[in-house]
Amino acid sequence: MMSLRKSTAWMAPAAMRFARMSSQVGDMGSGAGRGGGGGGAIREAGGAFGKMEAAHEEEYFYKKRQEQLHKLKEKLIKHEDFHEESIKHHEEAIARHKKAIEELKK
């Protein structure tokens, strides 16, 4: 379990780790925190609307992260396909050149 944490820890940007740590000060949406800025009038007031706003904000950022991961995976797949195609072309060129060298030796 520790090795998994160590291997994936670098993947989370520092801002995400900071946001996660700062949210542990109190319940999200429960009012202005000790850090100074409250995040807007609704969240400063606290109560149900503050908690609802915090939940919407968390949902928004979760969806944004999922979208970014999806785009990154698609990009990696495209890169992999491109490189596989390049390898195929290079192997064909090597075979052609070896054949040409063999014909020159005859």
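Me: Is Leu-76 buried or exposed?
Reply: Leu-76 counts as exposed because its relative accessibility is 52%, where exposed means over 50% relative accessible area, buried under 20% and partly exposed in between (1.4 Å probe, protein chains only). This is a predicted model, in which local features need pLDDT of at least 70 and side-chain atom pairs count only at pLDDT 80 or more, while totals for chains, interfaces and linings use all residues. Residues are numbered from 1 along each chain as its sequence is written, and side-chain values use heavy atoms, with hydrogens and water left out.

Me: And where does Leu-76 sit?
Reply: Leu-76 lies in helix H4, residues 47-105, helices being DSSP runs of H or I with at least four residues, numbered from the N terminus.

Me: Ok, rings now. How many aromatic pairs are there?
Reply: The count comes to one aromatic pair, taking rings of Phe, Tyr and Trp (its six-membered ring) whose centres lie within 6.5 Å. Tyr-60 and Phe-61 form that pair, 5.2 Å centre to centre with 75° between the planes, which is edge-to-face, the label for planes over 60 degrees apart, with under 30 counted as stacked and the rest as tilted.

Me: How exposed are Tyr-60 and Phe-61?
Reply: Tyr-60 is partly exposed at a relative accessible area of 46%, and Phe-61 is also partly exposed, at 42%.

Me: What about the whole chain, how much is buried?
Reply: Of the 106 residues in the protein chain, 8% are buried, and the chain has four helices and zero strands.

Terms used: Helix = DSSP H or I, 4+ residues; strand = E, 2+ residues; numbered from the N terminus.
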